Amino acid sequence: MVQVSELFSKKLKAGGILKYSLEQLMTFEQVAKSGSFSSAARQMKKSQSSVNMAMSNLELELNITLFERTPRQVRLTPEGKVLWEYVKTILERCQAFDQRVAAFNQQIESHVSLAIELPYVTIVNRHGFNRHLRVI
């Protein structure tokens with residue numbers, strides 16, 4: 001079984017760049033969830049051939065067969081199941097990244113932490129700056 005970290009390190013050591021995109025990973029996730037290229041294509045508002053080609057190209061780049069193809073459905077291979085877990089995590093982190101960027105752009109504090117240690121109060125803002133105030 002191929003480790004994702006091995007794929008990354010081999011690419012970086014070889015001076016190459018990763019040749020798959022977030023779009024391919026999003027397509028991979030949709031095909032894996034739906035079990036069908038045509039269903040994934042409909043949900044993504046793309047043609048079935050573009051979804052099929054994106055997955056074929058991803059498999060070629062990774063040198064891993066991700067799907068078992070039958071006339072009626074596609075199923076993840078054992079390797080595909082492992083990589084799908086990574087893809088879900090990557091896409092969740094990308095969504096969290098987008099949300100954080102949006103919050104920064106809107107100047108919204110995501111959280112403020114207060115640590116109370118009498119007679120001082122420590123306020124920690126989102127940037128990690130501490131301010132100590134004496135409580136009277």
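Modeller: Happy to! Let me start with Glu23, which counts as partly exposed because its relative accessibility is 35% (buried means under 20% relative accessible area, exposed over 50%, and partly exposed in between, with a 1.4 Å probe and protein chains only). Before going on, please keep in mind that this is a predicted model, where local features need pLDDT of at least 70 and side-chain atom pairs count only at pLDDT 80 or more, while totals for chains, interfaces and linings use all residues. Residues are numbered from 1 along each chain as its sequence is written, and side-chain values use heavy atoms, with hydrogens and water left out.

Glu23 has a salt-bridge partner in Lys46, with the closest N and O atoms 2.3 Å apart (a salt bridge is a side-chain nitrogen of Lys or Arg within 4 Å of a carboxyl oxygen of Asp or Glu). Since Glu23 belongs to helix 2 and Lys46 to the loop between helix 3 and helix 4, this pair ties together parts 23 residues apart in sequence (helices, H or I with at least four residues, and strands, E with at least two, are DSSP runs numbered from the N terminus). Lys46 is partly exposed as well, with a relative accessible area of 32%.

By this rule there are three salt bridges. Another joins Arg69 to Glu59, where the closest N and O atoms are 2.8 Å apart. This pair links distant parts of the chain, with Arg69 in strand 1 and Glu59 in helix 4, 10 residues apart. Arg69 is partly exposed at 38% relative accessibility, whereas Glu59 is buried at 11%.

Glu85 and Lys88 also form a salt bridge, with a closest N to O separation of 3.1 Å. These two are about one helical turn apart because they sit three residues from each other in helix 5 (residues 78-105). Glu85 is partly exposed, with a relative accessible area of 44%, and Lys88 is partly exposed at 24% relative accessibility.

Lys88 has an aromatic neighbour too: it lies over the face of Trp84, at 4.2 Å from the ring centre (a charge sits over a ring if NZ of Lys or CZ of Arg is within 6 Å of the ring centre and within 35 degrees of the ring normal).

That brings us to Glu29, found in helix 2 (residues 22-34). Glu29 is buried yet has no salt bridge, and the nearest side chain of opposite charge, Lys33, is 4.5 Å away (Lys and Arg count as positive and Asp and Glu as negative, while His and the chain ends are not counted). Leaving aside neighbours within four places in sequence, Glu29 is in contact with Trp84, Val87, Lys88 and Leu91 (contact means heavy atoms within 4.5 Å).

One more charged residue deserves a look for its backbone. Lys45 is in the loop between helix 3 (37-44) and helix 4 (48-62), and its phi is near 60°, a positive value in a residue other than glycine. Most residues other than glycine have a negative phi. Lys45 is exposed, with a relative accessible area of 75%.
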